[in-house]
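Let's take a look at the aromatic side chains in this one.

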Amino acid sequence: MAEYERLRHEFEPVFDENSRILILGSFPSVKSRESRFFYGHPQNRFWRVLAAVPGDLGPETGEETKAFLLRNRSAVWDVIAECDIIGSSDSSIKNVKPIDLPWLLSQTRIERIYVNGGKAYELYQKYLRPASGRECERLPSTSPANAAYSMERLIEAWSVIVTGSD
């Protein structure tokens, strides 16, 4: 039986002073922790959805990914800085220490905050909304576990990030 591990988020958010939208996940998966970058599991549809929304071909390398995000005035981070978790299971998350969202907001021109899935939304409402006073918009999870959403439905739902940042 898998056991809880106390883990700390080990990689930095992607942003610059021109970032206008912020996309937050919950906590990096095992594959993301191994690759030391966001949405590292090959079955996660995050990067394909994000590229499809503005009609981009999409990034392939870590540096291309960062450039892609910044070119689209986007920032990416996770709600959780540290927690107890079993593997990649969002449902197992406990003993949460949230990120310092006010710090990130002070470094950027974030206008809209989006969260990737229900767990990220729940955690945002509990830990980050009180600290920041900022609302967020919940988007459907790009995880392969979210089988109810086809790629087409995800792209349609996530298209608000383009219209929301203008």
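## Rings, stacks and charges

The charged end of Lys-94 is placed over the ring of Tyr-4, at 4.1 Å from the ring's centre. Arg-153 does something along those lines with Tyr-149, lying over the face at 3.8 Å from the ring centre. Keep in mind that this is a predicted model.

Now for rings meeting rings. The count comes to 9 aromatic pairs. One of them is Phe-37 with Trp-47, a stacked pair with 6.0 Å centre to centre and 15° between the planes. That pair ties together distant parts of the chain, 10 residues apart: Phe-37 belongs to the loop between helix H1 (30-35) and helix H2 (46-52), while Trp-47 is in helix H2 itself. Another pair is Tyr-39 with Phe-46, and it counts as stacked because the planes are at 15°, with under 30 degrees being the cut-off. The centres of Tyr-39 and Phe-46 are 3.8 Å apart.

How accessible are the residues of these two pairs? Here are the values for Phe-37, Trp-47, Tyr-39 and Phe-46:

| Residue | Relative accessible area |
|---|---|
| Phe-37 | 14%, buried |
| Trp-47 | 15%, buried |
| Tyr-39 | 13%, buried |
| Phe-46 | 0%, buried |

Phe-46 is buried because its relative accessibility is 0%, and buried means under 20%.

Which residues make up the aromatic cluster? Phe-11, Phe-37, Phe-38, Tyr-39, Phe-46, Trp-47 and Trp-158 form one cluster together.

Note on methods:
Residues numbered from 1 in each chain as written. Predicted model: local features only at pLDDT ≥ 70, side-chain atom pairs only at ≥ 80, totals over all residues. Heavy atoms only, no water. Phe/Tyr/Trp six-rings, centres within 6.5 Å; stacked < 30°, edge-to-face > 60°. Helix = DSSP H or I, 4+ residues; strand = E, 2+ residues; numbered from the N terminus. Buried < 20%, exposed > 50% of the residue type's maximum accessible area, 1.4 Å probe, protein only. Lys NZ or Arg CZ within 6 Å of the ring centre and 35° of its normal.
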